[in-house]
Amino acid sequence: MKYIHINTPCGKVRGIGKAEVDIYKGIRFATAGRFEDPELVTSWDGEFDATRDGDACIQTEAFYPPSGMDIFFSNQIIEKKTVKFSEDCLNLNIWTPAGSEPDLRANGSRRDLGSADLPVMVFLYGGAFDTGYNCSAEFDGTEYAKRGVILVTINYRVNAFGSCPGGKWTGNLCLKDTLAALKFIKGNISAFGGDPEKVTLSGESAGAVIAQDMMYIPEADGLFRSALMMSSGGLMPERQGMIRQTDGPALWKNLMGRLGVEKLEDLQDLPAKEIFDVYEKLVMKNKFARASRPFVDDDFVTGTQEELLEKGEFIDVPCLITMLSHDMFPRQLYDALLNWGRFMAAGGSSSVWCALIDYSPDGSLAEHGTDLHYAFGTMDNNWHNNGPEDYALSKLMIDRYSEFVKTGELEGWEPISESNDKFMCLDYEGEHQRKLDAGLLLHRQETEPQFPGMDN
């Protein structure tokens with residue numbers, strides 16, 4: 001391992017060079033004050049030190065120990081990270097095949113990979129728009145780098161600090177932060193060996209919702225060419241985000257009253273914890289449960305998914321959408337994926353492939369969010385008693401995901417259409433395409449906990 005140095009359009013960067021992968025951590029892609037829209041970073045002074053994780057965005061873990069399902073996920077990790085939280089959190093991490101950067105190819109300091117620029121997979125974490133960060137222990141791009149794919153994980157603001165609408169702010173910061181990151185990647189990824197025209201936008205759970213929602217943001221056109229969505233996405237208007245809602249304004253009016261301020265602007269001077277505590281208490285009430293989701297603001301987001309699809313106002317890209325055998329709301333998710341594929345096929349749009357992922361002898365461990373160690377090849381950092389079949393499944397998933405990122409296709413998989421409703425199933429037996437049992441998925445939805453570590 002050694003330090004490596006490259007030049008980018010924004011300035012010099014120092015990263016970490018390993019045998020098979022070069023790693024750049026915590027690169028600031030935008031700046032923003034509290035509740036403000038992100039401003040794209042275009043330059044920095046001196047050499048940017050990208051050898052350590054950047055700050056994560058403010059969330060529960062910044063102030064309190066984990067609880068509920070957060071305990072479940074935390075307990076899955078063997079080697080935990082120490083994470084710093086702040087409102088200066090708009091940063092991203094890059095894993096690129098060793099020596100793929102033009103500067104390193106030019107001076108001969110690393111192995112020669114030729115002149116071809118590499119495809120890029122941009123990943124958005126889940127967390128119900130309330131938690132999550134890009135340096136979580138599940139995420140590692142080494143296995144993708146081995147396959148000639150650059151992985152980028154980005155931060156976006158969550159909970160109270162990503163959703164404030166009113167006053168001089170319009171909210172929807174999770175979408176705006178993602179857009180800023182995509183613009184930064186477009187302008188800078190070539191310096192890391194990537195092709196800005198070969199970007200796949202991916203995400204899990206809430207991150208998958210954002211990936212889907214970005215298809216309806218005109219400014220995002222041309223910033224990604226395909227989408228890979230895990231455990232969410234599809235044609236699911238009621239759960240998809242970009243909703244017409246009154247939760248946000250009502251919540252913030254209530255919050256201001258509890259904090260004793262008259263204007264939203266007055267919240268900028270309060271300690272983050274005070275705002276967070278009141279916000280979380282209000283959101284826990286069902287009345288405000290959807291306040292942190294993307295919503296129609298008639299400016300940045302001009303309509304619901306259903307409205308924009310009806311008008312044909314969406315970015316048409318091929319999609320790969322996956323779900324787990326015991327995922328959250330599995331029947332609803334199944335319908336959403338299937339209906340999205342049929343909608344795209346009926347309109348002559350790009351292909352949609354759907355996959356079901358199953359592991360453990362009876363599939364009972366394939367719960368929401370538990371596939372991330374498989375998807376990123378971090379099985380050795382998970383307490384689950386992994387056997388050879390788990391590692392084989394992880395390899396299969398990464399191989400197929402990499403293939404999709406590289407080509408926008410999946411050889412041997414038939415996309416969803418009016419005449420084909422079969423999902424590709426990835427499990428201990430390998431891969432095989434079959435029709436799912438919708439009744440079984442409904443039974444699981446009605447009888448099982450929707451998230452790991454929670455009661456039904």
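Is the crossing of α6 and α7 left-handed or right-handed? The model under view is predicted, with local features requiring pLDDT of at least 70, side-chain atom pairs pLDDT 80 or more, and totals for chains, interfaces and linings using all residues. Residues are numbered from 1 along each chain as its sequence is written, and side-chain values use heavy atoms, without hydrogens and water.

Select residues 247-259 (helix α6) and 272-283 (helix α7): they pack at about 130°, with axes 10 Å apart. Axes are lines fitted to C-alpha atoms over the stretch in contact, and angles run from 0 to 180 degrees between N-to-C directions. Helices are DSSP runs (H or I, at least four residues), and strands are E runs of at least two, numbered from the N terminus. The crossing is right-handed, meaning that the near helix is turned clockwise from the far one by less than a right angle.

Next, display the contact (heavy atoms within 4.5 Å). Leu251, Trp252, Asn254, Leu255, Arg258 and Leu259 of α6 meet Glu274, Ile275, Val278, Tyr279, Leu282 and Val283 of α7.

Then move to strand β11, residues 226-230: 5 of its 5 residues are buried, so the strand is largely enclosed by the rest of the structure. Buried denotes under 20% relative accessible area (1.4 Å probe, protein chains only). Ser226, Leu228 and Met230 lie on one side, Ala227 and Met229 on the other.

Strand β10 (residues 194-204) pairs with β11 in the parallel sense over 5 bridges; pairing requires at least two DSSP bridges. Here Thr200 stands opposite Ser226.

Finally, select β12, residues 319-324, where 6 of 6 residues are buried. β11 and β12 pair in the parallel sense over 4 bridges, and Met230 stands opposite Thr322.

Key:
Buried < 20%, exposed > 50% of the residue type's maximum accessible area, 1.4 Å probe, protein only.
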